[in-house]
Amino acid sequence: LVAHHLVVDAHSWTILLDDLSALVAGAGDRDAPTLPRKTSSVIAWAEGLVAAAEEADVVGLRKVWAGEGPGSSTEAGAPVDRSTAGAARPDPATWSRRVEWPDVESSEFMDTVSAREGVSPQQAILAVVTTGWSRWSGTALLQVDVEGHGRDVLSGGLDVSRTVGWFTTVFPLFLDLRSGSVHDAAAAA
C-alpha cells in the first residue's frame, strides 16, 4: 500500500493481485503455475512516448501544451485576477475554486446524463465546469488538465496492459462555450 502512486498505478495492483492469486492457487500443483505473457517494458513505453512527441501533429501542438493556446492564462482571467489598480496580480497557477455538490444532486445529475445518448459522464462534468467557470469569470474559455490512465496503445505495437508501473498522463484540454450550448461543449469535450 505504501508503494501505491509512488511507483505503481491502480491498474498495476490488479496485475499484481491477479498474478499473486494465480500463484497461490497453483502452489499445490505438480506443474509450476503459469502467468500471462509479459508485455512491453516501462522503458519501451517511455521511448515510445519520446518518438510520439516528435511526430508532426504533436510538434504542432507544443504551443497549446505550453499554455499559449485559447483558454490559457493569457485570456481574461478569473475574477480574483481583477485586482484593484496598482495591486500585484496573483499567479494564475495558484487560482483555486472548490465547489461541492450534495450527494443527492450529484446522483440526479449523473442519472440525467446517463439517460442522454452520446454524452459521457466525463463530458458532462467538463461541460458543467466550463459553464460554471464562464458564469464566474466572464470568459467562455477554459483550459483544464485532464488525467488519463496512460496505458493507451502507442504506435509501434507497444502494449503495457500487463506491465507494472505508473503510467498516468496529463494533457491540456480547451473548453469553449463561445459558439454553443453546454450540450455542445459536452459533446466536444
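The model is predicted: local features need pLDDT of at least 70, side-chain atom pairs count only at pLDDT 80 or more, and totals for chains, interfaces and linings use all residues. Residues are numbered from 1 along each chain as its sequence is written, and side-chain values use heavy atoms, with hydrogens and water left out. Helices (H or I, at least four residues) and strands (E, at least two) are DSSP runs, numbered from the N terminus.

**Nonpolar cores**
- The largest nonpolar core has 6 residues: Leu126, Trp133, Leu142, Val144, Leu173 and Leu175.
- Helix H6 (121–137), strand E1 (141–148) and strand E2 (169–176) each supply at least two residues of this core.
- Another core, of 5 residues, lies apart from it and includes Leu154, Leu158, Val160 and Phe167.
- A core here is a set of buried Ala, Val, Leu, Ile, Met, Phe, Trp, Tyr and Cys residues joined through side-chain atoms within 4.5 Å.
- Buried means under 20% relative accessible area, exposed over 50%, and partly exposed in between (1.4 Å probe, protein chains only).

**Helix H2**
- H2 has 12 residues (42–53) and should span 16 Å at 1.5 Å a residue; its end C-alpha atoms are 17 Å apart, which agrees.
- The expected span is 1.5 Å times one less than the number of residues.
- Trp45, Gly48 and Ala52 are the buried residues of H2.
- Seen down the axis of H2, they fall within an arc of 60°, so they line one face of the helix.
- The arc is taken from the directions from the helix axis to the C-beta atoms.
- Ile43, Glu47 and Val50 are exposed, on the face turned away from the buried side.
- Helix H3 (56–59) and E2 are among what covers the buried residues of H2.

**Aromatic pair**
- The whole structure holds 1 aromatic pair.
- The ring centres of Trp45 and Phe167 are 4.7 Å apart and the planes lie at 85°, so the pair is edge-to-face.
- Rings of Phe, Tyr and Trp (its six-membered ring) pair if their centres lie within 6.5 Å; planes under 30 degrees apart count as stacked, over 60 as edge-to-face and the rest as tilted.
- Trp45 lies in H2 and Phe167 in the loop between E1 and E2, so the pair ties together parts 122 residues apart in sequence.
- Trp45 counts as buried at 10% relative accessibility, and Phe167 is buried at 0%.

**Thr130**
- Thr130 sits in helix H6 and is buried, with a relative accessible area of 0%.
- Its side chain reaches the backbone oxygen of Leu126 at 2.8 Å.
- Leaving aside neighbours within four places in sequence, Thr130 is in contact (heavy atoms within 4.5 Å) with Ala140, Leu142, Leu175 and Leu177.

Technical notes. A polar contact is a pair of N or O atoms within 3.5 Å; within protein, one must be able to donate a hydrogen and the other to accept it, and residues adjacent in sequence count only if both atoms are side-chain atoms.
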